Amino acid sequence: MPHLPRPLSLALAAALALGTPFLHAEETPAAPAAETRGKPLLPLDELRTFAEVLDRIKAAYVEPVDDKTLLENAIKGMISNLDPHSAYLEPKEFLDLQESTSGEFGGLGIEVGMEDDQLKVVSPIDDTPAAKAGIEAGDLIVRIDDQPTKGMSMLEAVDKMRGKPGSKIELTLVREGGRPFDVRLTRAVIKVKSVKSQLLESGYGYLRITQFQVNSGEEVGKSLARLRQENGGQKLKGLVLDLRNNPGGVLQSAVEVSDHFLTKGLIVYTKGRIANSELRFSADPADASEGVPLVTLINGGSASAAEIVAGALQDHKRAVLMGTDTFGKGSVQTVLPLNNDRALKLTTALYFTPNGRSIQAQGIVPDIVVERARLTQDTQPEHLREADLAGHLGNGNGGPDKPSGKAGQEGKARPQDDDYQLSQALNLLKGLNLTRGQQQ
């Protein structure tokens, strides 16, 4: 190779370190033969600028900076400016990512993203310090322990929020353009239970997926079988699938969950530039849900894999979607392991619903819009009833007495009692069953 000036030599070293074909000085970009292995060649002017900046920093910065630090910072800057979800993962960050997808990690239980250079809560995870403290999807985190988050990378923010279980942290939040307020939290070991289920009342089941982990598809299958068993072995009359504040997770799990409710057709497909990013997933004929009427709850905290499920069920008209618009993260990130226990989390594809809709930056629109609200019950004055009178006659058919007051009305609180969206979903299922019964 001919002798190169020092700045260009540094550029060559950087290009070789990145495994990128390098454009020799004697080659011209105009000639087709100037491409190496069919890939476009790196621009010389930009490489010279990079090398010059590297040299100036090493020579003039107020403190000495070694080549390793400068090159790692250059990689981080290159990746972070692609999109909010691509990242260069150092060993600790790579380990944290693996822990979060397996369902156990230390921290607060918040899924965050970047929006207009601001740190935004995508969703709090159920049964975590964040959820218990009342943090909501859409909240902006403006300070972490009095340190402004403006200009902080998402990985830096996540690293600051994670820590030793039992240690304290203070977040300053802004909600819906209001005044900042502080929330003090205690870090904990976050053990995320991916799937929860219960009967809302006889015949009507509730299935919540908090996050898509590697075993979520299997857990949903078990939960559907358990709900049938709890219903006396009878098929359910209706099911609410709750994907609210579900930040997403593993793509394959979203496909498996969708497949439990679909018997044929496309579930999702992806498009990207590299060959293995072109994927198509279809349903098999098995139907773990037994075709039960289905209402799926979504909101602004439903993202990524949750949107895949919602979009597939909506396109196949398998479920009625209720709630508010979803987050709109329609991209697929691939984790590419590097040497020295590092990895590259890189956006490699966009995913599309069966009807070809891209969710990216748009989200899924529900079939029925139901805003979040609080249920309150009016206090009614108590009236004397016949059953309260001494010596009253019994019911002629042998039915039980019903005196005034709350006697016999107290019972275990049900999820739908203080969740307006869930109560509306249950009401819709009952209406669907009533309509089906009339049609039969």
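The following paragraphs lead the reader through this structure, from the whole chain to selected residues. The model is predicted.

The chain as a whole comes first. It contains 10 helices and 19 strands. Of its 440 residues, 40% are buried. The accessible surface of the chain amounts to about 24,500 Å², and carbon and sulfur atoms supply 51% of that surface. Among the contacts in the chain with a separation of 6 or more, 65% are between residues 24 or more positions apart.

Val53, Ile57, Tyr61 and Val62 make a nonpolar surface patch of about 390 Å². Ile57, one of these residues, lies in helix 2, which covers residues 44-60. The relative accessible area of Ile57 is 32%.

Strand 17, residues 331-337, pairs with strand 18, residues 343-352, in the antiparallel sense, and 7 bridges connect the two. Within this pair, Thr334 stands opposite Leu346 of strand 18. Strand 17 and strand 18 form a hairpin, with 5 residues lying between them. In the turn of this hairpin, Asn340 has a positive phi of about 60°. In a regular strand, side chains alternate between the two faces of the sheet.

Ser194 is located in the loop between strand 9 (188-191) and strand 10 (195-201). Its relative accessibility is 5%, and Ser194 therefore counts as buried, the limit being under 20%. The side chain of Ser194 is joined to that of Ser216 by a polar contact of 2.5 Å. Leaving aside residues up to four places away in sequence, Ser194 touches Arg208, Ile209, Thr210, Gln211, Gln213 and Ser216.

Asp242 belongs to strand 12, residues 238-242. With a relative accessibility of 1%, Asp242 also counts as buried. A polar contact of 2.6 Å links the side chain of Asp242 with that of Tyr206. When residues up to four places away in sequence are not counted, Asp242 touches Tyr206, Leu207, Arg208, Ile209 and Leu297.

Notes. Residues are numbered from 1 along each chain as its sequence is written. This is a predicted model: local features need pLDDT of at least 70, side-chain atom pairs count only at pLDDT 80 or more; totals for chains, interfaces and linings use all residues. Side-chain values use heavy atoms; hydrogens and water are left out. Patches are made of residues with over 30% relative accessible area and no salt bridge: like charges are joined within 9 Å, nonpolar side chains (Val, Leu, Ile, Met, Phe, Trp, Tyr) within 5 Å. Accessible areas come from the Shrake-Rupley method with a 1.4 Å probe; for residues, only the protein chains shown count as cover. A salt bridge is a side-chain nitrogen of Lys or Arg within 4 Å of a carboxyl oxygen of Asp or Glu. Helices (H or I, at least four residues) and strands (E, at least two) are DSSP runs, numbered from the N terminus. Buried means under 20% relative accessible area, exposed over 50%, partly exposed in between (1.4 Å probe, protein chains only). Two strands pair if DSSP finds at least two bridges between them. Contact means heavy atoms within 4.5 Å. A polar contact is a pair of N or O atoms within 3.5 Å; within protein, one must be able to donate a hydrogen and the other to accept it, and residues adjacent in sequence count only if both atoms are side-chain atoms.
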